[in-house]
Amino acid sequence: ARAFHLVSRPQGEPSEDNFRLVTSTLPDPGPGEIAVRNLAISVDPYMRGRMRDAASYAAPWQLDQPAQGGAVGEVIASGSDQVPVGSLVVHNLGWRDYAVLPADQAAVVPRQDGVSPTLYLGALGMTGRTAYVGLLRIASFKPGDIVFVSGAAGAVGSMVGQFAKLSGARQVIGSAGSPAKIDYLRDVLGFDSVFDYHDGPAAELLAQAAPDGVDVFFDNVGGEQLEAAIGRMNLHGRIAICGSISNYNKEQPEPGPRNLGLFISSRLTMTGFLVGDHSDIADEFTRTVGGWYASGQLVARETVVHGLENTPAAFIGMLKGDNTGKMIIKLD
Ligand code: NDP
């Protein structure tokens with residue numbers, strides 16, 4: 001079996017030298033354990049935080065130990081009656097081709113025609129659930145709202161925009177980092193208004209895109225776009241703080257938004273959240289979003305990189321914007 005280890009902690013942008021692919025012998029699963037052949041693994045922005053030796057909600061990765069993260073795979077040997085050989089499972093021992101883990105740390109997911117297992121890492125998995133929780137629960141979206149989402153062409157952002165449209169938003173505005181992504185948001189996902197954040201000051205671009213203001217802002221990016229969004233919020237606007245990717249490679253955080261006084265005059269709220277705290281929403285999420293997908297109403301684009309050996313490059317590329325939709329590594 002092969003697994004990537006973190007061998008040094010990145011300063012600023014990660015590089016492939018921070019990782020090493022290490023081969024070892026896979027043990028047989030003991031009682032209550034399963035052995036899984038990973039079909040696909042996920043690289044996600046929060047992993048940048050786990051590369052730092054600092055306390056956070058997810059423990060730092062240890063140097064010279066296998067990295068971890070979302071993966072979907074097939075059970076090839078089982079010491080558990082609950083999770084027999086052949087089951088499709090989602091678990092947290094990614095960055096490797098084979099894994100042995102306690103069966104109760106794996107979630108069995110259905111094999112369905114027309115549903116790629118990779119979707120359980122994206123639209124029907126963690127990133128889709130993040131979009132759902134942030135929009136509907138944290139930002140209390142209601143039909144008729146004007147929604148702005150930053151990082152709109154990514155895994156979470158592309159679901160936020162589509163969920164908002166499907167739930168009756170009055171206008172959906174998205175920002176992203178390339179002309180191709182802007183076309184994708186407008187022409188494929190049906191966003192009403194879009195801008196490339198490289199094209200000028202975010203406050204000006206958003207003012208043009210959102211002439212009637214913003215009721216719900218879903219923040220994936222932080223920084224300049226967060227300040228711009230605060231400046232555009234309507235009375236009683238709600239901001240869901242999901243991520244702050246513009247800061248993840250910075251060794252020193254940027255100064256915060258300068259316009260927090262608007263929280264008082266416009267009675268705004270801003271709430272941070274972690275998808276992991278909302279497991280109670282799983283059934284509702286699967287019913288609703290699985291239903292949208294099954295009926296062909298949801299576009300779940302993926303950017304697929306092939307081969308375990310390309311995982312660090314895929315991670316580094318994702319941080320730079322190489323992906324449209326969910327970044328996935330398929331292990332063929
Ligand atoms: P994405 O699929 O959106 O990939 C990351 C994207 O970030 C890139 O494609 C790039 O797109 C964009 N980006 C990178 N640098 C910058 C920058 N400086 N300014 C603006 N955009 C930038 O990732 P996810 O959908 O998986 O995650 C999106 C956000 O959600 C992240 O902040 C992540 O940490 C957060 N998250 C939070 C969770 C929670 O529970 N709170 C759970 C899951 C994710 P572009 O080309 O547009 O620049």
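A word on the model. It is predicted, so local features need a pLDDT of at least 70 and side-chain atom pairs count only at pLDDT 80 or more, while totals for chains, interfaces and linings use all residues. Numbering starts from 1 along each chain as its sequence is written.

Overall shape next. The chain has 9 helices and 15 strands; these are DSSP runs, H or I of at least four residues for helices and E of at least two for strands, numbered from the N terminus. For 332 residues a compact globule would have a radius of gyration near 20 Å, and the chain agrees, with 20 Å. That radius is taken over C-alpha atoms, and the globule rule is 2.2 Å times the number of residues to the power 0.38. The C-alpha trace spans about 60 × 45 × 35 Å along its principal axes.

Now the domains, whose bounds come from an automatic or database domain assignment. Domain 1 is 2-122 + 300-330, and domain 2 is 126-276. Their C-alpha centres are 28 Å apart. Each side gives 17 residues to the contact between them, where contact means C-beta atoms, placed from the backbone, within 7 Å.

Where does the ligand lie? Both domain 1 and domain 2 give residues to the shell around the ligand, so it lies between them. The shell has 31 residues, and Gly 154, Ala 155, Gly 177, Gly 243 and Gly 321 come nearest; a residue counts as near if its C-beta atom, placed from the backbone, lies within 6 Å. Helix 2 (126-138), helix 3 (155-166) and helix 9 (311-320) each give two or more residues. Helix 3 has the largest share, 3 residues. By class the shell has 16 nonpolar, 13 polar and 2 charged residues. Here Ala, Val, Leu, Ile, Met, Phe, Trp, Tyr, Cys and Pro are nonpolar, Asp, Glu, Lys and Arg charged, and the others, Gly among them, polar.

Last, helix 9. Thr 311, Pro 312, Ala 314, Phe 315 and Met 318 are buried there, that is, 20 or more other C-beta atoms, placed from the backbone, lie within 10 Å of their own. These residues cover an arc of only 165 degrees around the axis, which puts them on the same side of helix 9; the arc is that of the directions from the helix axis to the C-beta atoms. Among the elements that the buried residues pack against are strand 1 (2-6), helix 1 (46-50) and strand 15 (326-330). Gly 321 follows helix 9, with a positive phi near 100 degrees.

Conventions. A residue is buried if 20 or more other C-beta atoms lie within 10 Å of its own, exposed if 12 or fewer, and partly exposed in between; C-beta atoms are placed from the backbone. Two residues are in contact if their C-beta atoms, placed from the backbone, lie within 7 Å.
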